[in-house]
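I'm opening my notebook on a structure that is new to me.

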Amino acid sequence: MALRIFVAVGSFNWERINWEPALIDMGHDVYWYDWRAKGFDQYAADWPVKRQEMQVDLLSTFLMQHKEKPFDMIFSYLSDPVCDPELIEQLKRYCPIVNFSGNNIASFERGQLETAPYYTLNWCTERAAIPKFRAIGAEVIQMTLAINERLYKPLQMKQTYDISFCGTMNGYRPHIVMWLGQQLNLSYSLTGNLPFNGMYEQWSRTRVNLGFRGLGNAPFNDVTQKEMRMRDFEVSATGSFYLCEDYEELADYYDIGNEIDTFASQDELIDKVKHYLAHDEIRLRMADAARKRVLSEHTWKHRFTRLFTELGLHG
């Protein structure tokens, strides 16, 4: 059954290229409301004034479009700094509203505490954050991040780096990569958040792509400050080999040691990097298996299918 879905987000660099194609490919009718594209910025100095104006605009746009052709559901990426519970209650009069929520390990108290109980359902990406939602009486489903399979194809590129990391350069991340490169005399690339094509090419040019998951300036071994990342699926989707910081939840999504591998200490990191650099055939076989796993189980279509089933919409 095709659904008519009102999507309300303030897009940065990944939301639209992932969610909209997945929903359209599934046959759904999507109306995309992007408050940032309309000039509203929750990080701007005038946000205290613009915040109410944005909520009025969002609601009026929804009502106008709903009158023209009713929506079956609202899918949003809202938070306490962006909207008030009253907006959610007004929208929920017309159809269910599901709110996507990430980074809840670190930011739940300032991002979802006030509004989460008002949504029909909260989509939380971290298993460890589920108790926070339940403690305030919020309905919640846990599903981690995923990929848009349209975007990721193996690139036939010469691999010029032994190791690399692409992502936010906070905490221990850059220090471990530089330390590892120096310890083993490896060629490496260490970059911040690149445009999509830049990330894609770097992963393809790298023999062992490293993944870290500590939040902010948390220490390397702080298990309470870790979460899944989109690159946990993106790297493998490109057919590239992935060696990442250990995290219990990873075993829910991969066959560890046969598709991707993990490290729990710097000594283990050294040992595994040496091992995989010395065994090309193992590394390539695992990368291929990981890509197959992602495409068969970890696309946004898989996540949305489960969501619609949970809502009884059967989209």
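Is the crossing of helix 1 and helix 11 left-handed or right-handed? I looked, and helix 1 and helix 11 make a right-handed crossing. A reminder to myself before going on: this is a predicted model.

**Entry: helix 1 against helix 11**

Helix 1 covers residues 15-25 and helix 11 covers residues 300-311. Their axes come within 9 Å and cross at roughly 65 degrees. That angle makes helix 1 roughly perpendicular to helix 11.

Next I wanted the residues that meet. On the helix 1 side I noted Asn-18, Trp-19, Ala-22, Leu-23 and Asp-25. Their partners in helix 11 are Trp-300, Lys-301, Phe-304 and Phe-308. Sorted by class, this contact has 6 nonpolar, 1 polar and 2 charged residues.

**Entry: helix 2 against helix 3**

Another helix pair, looked up in the same way. Helix 2 runs over residues 47-68, helix 3 over residues 85-92. I found that their axes come within 11 Å and cross at roughly 0 degrees. Angles under 35 degrees count as roughly parallel, and helix 2 and helix 3 are therefore roughly parallel to each other.

Who meets whom here? From helix 2 I wrote down Gln-55, Leu-58, Leu-59 and Phe-62, and from helix 3 Leu-87, Gln-90 and Leu-91.

**Entry: Val-82**

I stayed in this part of the chain and picked Val-82, which is in the loop between strand 3 (73-76) and helix 3. Is Val-82 buried or exposed? Its relative accessible area is 2%, so Val-82 is buried.

Leaving out residues up to four places away in sequence, I listed what Val-82 touches: Trp-35, Gln-42, Trp-47, Arg-51, Met-54 and Gln-55.

**Entry: cysteines**

How many disulfides does a search of the whole structure find? I got 0.

Cys-95 is in no disulfide, and the nearest cysteine sulfur to it, in Cys-83, is 15 Å away. Cys-95 is buried, at 6% relative accessible area.

**Entry: two asparagines with positive phi**

Asn-103 has one, at about 60 degrees. I found Asn-103 in the loop between strand 4 (97-101) and helix 4 (104-111). Its relative accessibility is 40%, so I put Asn-103 down as partly exposed.

Asn-185 also has a positive phi, near 55 degrees. Asn-185 is in the loop between helix 6 (173-184) and strand 8 (188-191). With a relative accessible area of 71%, Asn-185 is exposed.

**Entry: Asn-99**

One more asparagine, this time in strand 4. Asn-99 is buried, at 0% relative accessible area. Which residues is Asn-99 in contact with, leaving aside its neighbours within four places in sequence? I listed Ser-76, Tyr-77, Leu-78, Gln-112, Tyr-119, Leu-121, Asn-122 and Trp-123.

I followed up on Tyr-119 from that list. Asn-99 and Tyr-119 are 20 residues apart in sequence, and I read 6.7 Å between their C-alpha atoms.

**Entry: Gly-211**

Last stop: Gly-211, which belongs to strand 9 (residues 206-211). Its relative accessible area is 0%, so I have Gly-211 as buried. Not counting residues up to four places away in sequence, Gly-211 touches Tyr-242, Leu-243, Cys-244, Glu-245 and Phe-263.

How far apart are the C-alpha atoms of Gly-211 and Gly-198? I noted 17 Å, for two residues that are 13 residues apart along the chain.

Technical notes
Residues numbered from 1 in each chain as written. Predicted model: local features only at pLDDT ≥ 70, side-chain atom pairs only at ≥ 80, totals over all residues. Heavy atoms only, no water. Axes fitted to C-alpha atoms, helices over the stretch in contact; angles between N-to-C directions. Helix = DSSP H or I, 4+ residues; strand = E, 2+ residues; numbered from the N terminus. Parallel < 35°, antiparallel > 145°, perpendicular 65-115°, else oblique. Left-handed = near helix turned anticlockwise from the far one by under 90°. Contact = heavy atoms within 4.5 Å. Nonpolar A, V, L, I, M, F, W, Y, C, P; charged D, E, K, R; others polar. Disulfide = S-S within 2.5 Å. Buried < 20%, exposed > 50% of the residue type's maximum accessible area, 1.4 Å probe, protein only.
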